[in-house]
Amino acid sequence: MKACPYCAIVLNVVEIGGRERLACATCEFVHWNNPKPVTATVIPMDGGIVLVKRKCEPFVNDWCLPGGFIEAAEHPAESAAREVYEETGLEVQVSRLLEASAPGRGINVIILFYEAHPVGGKLIPGDDASDAGVFKQHELPTNIAFDLHRQIIHRWFKQTAEHSVGSRKAIKD
Ligand SMILES: [Zn+2]
């Protein structure tokens, strides 16, 4: 963004609150450059998780968790379920927020990682995906897009494995 959306004049760099911002010299417009929230969802299914193969840039043909940008005034959990349905054909029930994180390195988004369980639908790749599949931990593709997706996926499998060992122990005790 370089011009004021109201006055259409070039924005100036000014310091506001200890940070450099782009601001309009004529009206009070400031380009705050706040991050955009997106969702990404871990869906346990058949002993693995659902991944989609990317059809669009960046990382075309790499796999990732289904997700996308939150629409105006949309609840983030509803957004997560909507994106899952659009990309995988699965109707899901969001069970919990796993983590909120930011990739950094100039990528101005906040990613809300959810876990959701299938309650209906059928796994079919949707608009933004060229393929969709279920992957067990040892079957995960090597080309998973986005560092944070990889980290969350590996952490989720580790915690799920620890949890199931924990419950088996508890049953034995
Ligand atoms: Zn202006």
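Is C27 buried, partly exposed or exposed? I looked up its relative accessible area, which is 25%, so C27 is partly exposed. I use buried for under 20% relative accessible area, exposed for over 50% and partly exposed for in between, with a 1.4 Å probe and protein chains only. C24, at 9%, is buried.

**Basis of the entries**

I am working from a predicted model, in which local features need pLDDT of at least 70 and side-chain atom pairs count only at pLDDT 80 or more, while totals for chains, interfaces and linings use all residues. Residues are numbered from 1 along each chain as its sequence is written, and side-chain values use heavy atoms, with hydrogens and water left out.

**Zinc site**

I looked up the protein donors of the zinc ion and found C4 (SG), C7 (SG), C24 (SG) and C27 (SG), lying 2.3 Å from it. Donors are N, O and S atoms within 2.8 Å of the metal (3.2 Å for Na, K and Ca); water is not among the atoms, so sites may look incomplete. Along the chain the donors are spaced as C-x2-C-x16-C-x2-C. Why is the arrangement tetrahedral? The 4 donor atoms subtend angles of 104 to 113° around the zinc ion, which makes it so; four donors count as tetrahedral if all angles lie between 85 and 135 degrees. The ideal angle for four tetrahedral donors is 109.5 degrees.

I also searched the whole structure for disulfides (pairs of cysteine sulfur atoms within 2.5 Å) and found 0.

**Overall layout**

I noted domain 1 (1–33) and domain 2 (36–167), with bounds that come from an automatic or database domain assignment. Their centres, taken over C-alpha atoms, are separated by 36 Å. The radius of gyration of the protein is 20 Å, whereas a compact globule of 173 residues would have one near 16 Å. This radius is taken over C-alpha atoms, and the globule rule is 2.2 Å times the number of residues to the power 0.38. Along the principal axes, the C-alpha atoms fill a box of roughly 70 × 40 × 30 Å. Of the 173 residues, 37% count as buried.

I counted 2 helices and 11 strands, which are DSSP runs numbered from the N terminus (helices H or I, at least four residues; strands E, at least two). Their pattern along the sequence is β-β-β-β-β-β-β-β-α-β-β-β-α.

**Aromatic pairs**

How many aromatic pairs does a search of the whole structure find? I found 4. Rings of Phe, Tyr and Trp (its six-membered ring) pair if their centres lie within 6.5 Å; planes under 30 degrees apart count as stacked, over 60 as edge-to-face and the rest as tilted. W63 and F135 have ring centres 4.9 Å apart and planes at 70°, so this pair is edge-to-face. W63 is in strand 7 (residues 63–64) and F135 in strand 11 (residues 129–135), so the pair ties together parts 72 residues apart in sequence. W63 is buried at 9%, and F135 is buried at 14%. W156 and F157 also form an edge-to-face pair, with 5.3 Å between centres and 80° between planes.

**Backbone**

I recorded a cis peptide bond between E57 and P58, with omega about -5°. P58 is in the loop between strand 6 (48–54) and strand 7. D46, not a glycine, has a positive phi of about 50° and is exposed at 61%.

Note on methods. Four donors count as tetrahedral if all angles lie between 85 and 135 degrees; four count as square planar and six as octahedral if opposite donors are over 155 degrees apart and all others between 65 and 115; anything else is irregular.
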